[in-house]
Amino acid sequence: MSTLTPVRPSLRGPARVVVRQHRWTLWIAGGIALAAVIGMIALALRSSHVAEVFEATDCRVDGGAGRACDQTTRNYLDSMVTYRRMFDYVASGLTVLPVLFSAFVAGPLIARELESGTFRMAWTQSVPPTRWLVAKLAVPTVLLLAVTAVVTAVLARARSYGDTPYPVQWHDAYTFSGSGVLPLAHVMFGTAVGALTALLIRRVIPAMTVSALATGAAVTFFTYWRAELWPSRTVSGTTLNAKEGMWWVETGHITGAGERLPQDVCASGASATDYARCMADHDVTSHYLDYHPASHFWPLQLVETGILLVLAAVALAVAFRVLRRLHG
């Protein structure tokens, strides 16, 4: 006598459905990522070659080799500016990518089925709602995380390949957002926001709009307030010795009583006499500089990543609770 054992639902079926439904989007996204990787490698090799050719000449960037080198130097600097700008475009793309992906998750991936009612077919074919949502989110998110990790690593290597008169500053907004583990955290956050927005609104265009705005607002917020995520260091004195690689957070003046005054307390455009009189009137005795050294890169990265992952976890928890309420 045989017994029937229940078949545990699997993610394989729903995952294959997601791939079939959005195969063209996946192919296009993969093609763009592959083109970006190949382009960055080509640019890195090209910029290194241009630098080697210039070093083989007697010309110098500071112009000390005479006027005969002016055009050669100008061409070299123009080329290096172009290469630096292209790398910045890729970094800005990594910053914008979570916003676009969040809109995709909110609209075509989830809200379209909720708006059209096709989700009911999947739910009646031995696919529980939770597994349906997990499959919807897992397939594109895992693929995008893998692609983002590759592009981020190639971008970091390409930037460091060869010498350049325009080095990348680690604290630049696009550079920081497109480096380390932060791009991965942004993708996870965009996924969670897109899922929650889709389940709350259930209409494609409004869900895409709200999700993109919410994710974009978070990216913008961290761009402007990132320096506050980790305690900065301070250097003070009558003269400030700023070192290369410092991220200047705030500068200003210090009075004899130890009070801080803003940098523009005295108009910089005034004459030297008026400026000195203004400083004396405010009893300015020294200056201060709050800054982040290059060693703060990873603390800032990890704090911002942790905040984004916590927010993503909360958004996903709320999304699954909304799903259960919708199913009930």
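1. Partly exposed here means a relative accessible area between the buried limit, under 20%, and the exposed limit, over 50%. Arg277 has 44% relative accessibility, so Arg277 counts as partly exposed. The model is predicted.

2. Arg277 has a partner in Asp274. The two form a salt bridge, with the closest N and O atoms 2.9 Å apart. Both sit in helix H9 (residues 272–281); because they are three residues apart, about one helical turn separates them. Asp274 is also partly exposed, with a relative accessible area of 39%.

3. The structure holds seven salt bridges. One of them joins the side chains of Arg84 and Asp88, at 3.2 Å from N to O. These two residues lie four apart in helix H3 (residues 70–116), about one turn. Asp88, at 21% relative accessibility, counts as partly exposed. A network of salt bridges links Arg84 and Asp88 with Arg159 and Asp172.

4. Glu113 and Lys136 also meet through their side chains in a salt bridge, 2.3 Å from N to O. Glu113 is in helix H3 and Lys136 in helix H5 (residues 129–159), so this pair ties together parts 23 residues apart in sequence. Both Glu113 and Lys136 are buried.

5. Now the strands. In strand E4 (residues 284–292), seven of the nine residues are buried, so the rest of the structure largely encloses E4. Strand E1 (residues 233–237) runs antiparallel to E4, joined by five bridges. Strand E2 (residues 247–255) is antiparallel to E4 too, with eight bridges. Leu289 of E4 is the bridge partner of Val235 and of Thr251.

Note on methods. Residues numbered from 1 in each chain as written. Predicted model: local features only at pLDDT ≥ 70, side-chain atom pairs only at ≥ 80, totals over all residues. Heavy atoms only, no water. Buried < 20%, exposed > 50% of the residue type's maximum accessible area, 1.4 Å probe, protein only. Pairing = 2+ DSSP bridges. Salt bridge = Lys/Arg side-chain N within 4 Å of Asp/Glu carboxyl O.
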